[in-house]
Amino acid sequence: MTDMSQATVRVSDLRKTFYDESRGEVHAVDGLSFDCHPGEVFGLLGANGAGKTTTLRMLSTVLKPSGGTASVMGHDIERDPEAVRRSLGFYSASTALYPRLTARETIEFFTRINGYPAERVQQRVEELVDRFGIAEYQKGRVDKLSSGMKQKVSIARTMAHDPPVLIFDEPTVGLDVMNALAMVKVIRELKEEGKTIIFSSHIMSEVEKLCDRIGIVHRGKLLALGTLDELRAVTGEHYLEDVFLDYVKRAEGIVGEAEIGPAGALHAAGDELPDRSP
């Protein structure tokens, strides 16, 4: 059950600007504001290049914002980054694992470096090994594991220090159907445990299944925020894909059919897509 009385993540007017030689100043994240709560799966929905991952990297303290503020469990991402990192776990399809460590060594390493109480580390490792069915290959080196096994170790690594906030950034990219379904199951279980989950994706069906509230991001801006039913009511559309396109077309001033092109750019159907060849 989502507890809306308190926010575990607060984002206010968050911004990130890069300088690109060919394009000049690029506003990757342009004034995002939202809150997330315990027991909630909060979805960030947008095409590739919309600013989702940049936002999440700022929340995890990997990137410093150009403006605005954000906090995780009351800890400011700039003033208290170590406390922020202790309060969250970050998973993505590209999350790296150390190839020479065993599965068990990986989980233990991340449990320790994230400040989990030393006297409880071994108990926590056992809990995760059991929860994810890793016992059979816990002594196997990561570089020898199958993709499905690596996924389990990656999730266990993300959860190792039992953080209250978890970020899943495009977590099913590159996974087969069975492993993608297993990921969805894990996220649902974590929600039931009262975790705050930020789920970033451009896969509409996953967002529909998992998310309590959805933020639609386009060109670094938050176009809409609400439950799926609320977004449907505003747009008059039923399918999330159509809801998403309706908001983006309004933002782009496009009337009629449209399609999403490279890097999340929206184009009217029939328009020639820009030549992005070298």
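Colleague: Which residues does H161 touch, not counting residues up to four places away in sequence?

Modeller: Contact means heavy atoms within 4.5 Å. By that rule H161 touches R85, R86, L88, G89, N114 and Y116. This is a predicted model, in which local features need pLDDT of at least 70 and side-chain atom pairs count only at pLDDT 80 or more, while totals for chains, interfaces and linings use all residues. Residues are numbered from 1 along each chain as its sequence is written, and side-chain values use heavy atoms, with hydrogens and water left out.

Colleague: Where in the chain is H161 found?

Modeller: Helices (H or I, at least four residues) and strands (E, at least two) are DSSP runs, numbered from the N terminus. H161 is in the loop between α5 (147-159) and β7 (165-169).

Colleague: Is H161 buried or exposed?

Modeller: Buried means under 20% relative accessible area, exposed means over 50%, and partly exposed lies in between (1.4 Å probe, protein chains only). H161 has a relative accessible area of 8%, so it is buried.

Colleague: Which backbone oxygen does the side chain of H161 reach?

Modeller: The term here is polar contact, a pair of N or O atoms within 3.5 Å. Within protein, one atom must be able to donate a hydrogen and the other to accept it, and residues adjacent in sequence count only if both atoms are side-chain atoms. The side chain of H161 reaches the backbone oxygen of L88 at 2.9 Å.

Colleague: Which loop holds P163, and is P163 buried or exposed?

Modeller: P163 is also placed in the loop between α5 and β7. Its relative accessibility is 2%, so P163 counts as buried. Neighbours within four places aside, P163 is in contact with R86, S87, L88, G89, T158 and K195.

Colleague: How many residues apart in sequence are P163 and R85?

Modeller: They are 78 residues apart in sequence, and 8.9 Å apart in space from C-alpha to C-alpha. For the chain, among contacts between residues at least 6 apart in sequence, 63% join residues at least 24 apart.

Colleague: What is the place of S87, and what does S87 touch?

Modeller: S87 is in helix α2 (residues 81-87). It counts as buried because its relative accessibility is 9%. Not counting residues up to four places away in sequence, S87 touches V72, M73, H75, P163, P164 and V165. A polar atom of the S87 side chain lies 2.8 Å from the backbone oxygen of A83.

Colleague: H75 is on that list. Where is H75 found?

Modeller: H75 is in strand β5 (residues 75-76). At 26% relative accessibility it counts as partly exposed. Its side chain makes a polar contact with the side chain of D80, at 3.5 Å. Leaving aside neighbours within four places in sequence, H75 is in contact with A70, D80, A83, V84 and S87.

Colleague: At what angle do the axes of α3 and α4 cross?

Modeller: Axes are lines fitted to C-alpha atoms, for helices over the stretch in contact, and angles run from 0 to 180 degrees between N-to-C directions. The axes of α3 (residues 103-113) and α4 (residues 121-131) come within 10 Å and cross at roughly 130°. Angles under 35 degrees count as roughly parallel, over 145 as roughly antiparallel, 65 to 115 as roughly perpendicular and the rest as oblique. That makes α3 oblique to α4. Among the residues making the contact are I107 and T111 of α3 and V125 and L128 of α4.

Colleague: Which residues of α3 are buried?

Modeller: They are A103, R104, T106, I107, E108, F110 and T111. What covers them includes α4 and α5. After α3 comes G115, with a positive phi near 80°.

Colleague: How do the axes of α5 and α6 cross?

Modeller: The axes of α5 and α6 (residues 177-192) come within 11 Å and cross at roughly 20°. That makes α5 roughly parallel to α6. The α5 side of the contact includes Q151 and I155, and the α6 side includes M183 and V186.

Colleague: How many helices and strands has the chain?

Modeller: The chain has nine helices and twelve strands. Of its 278 residues, 50% count as buried.
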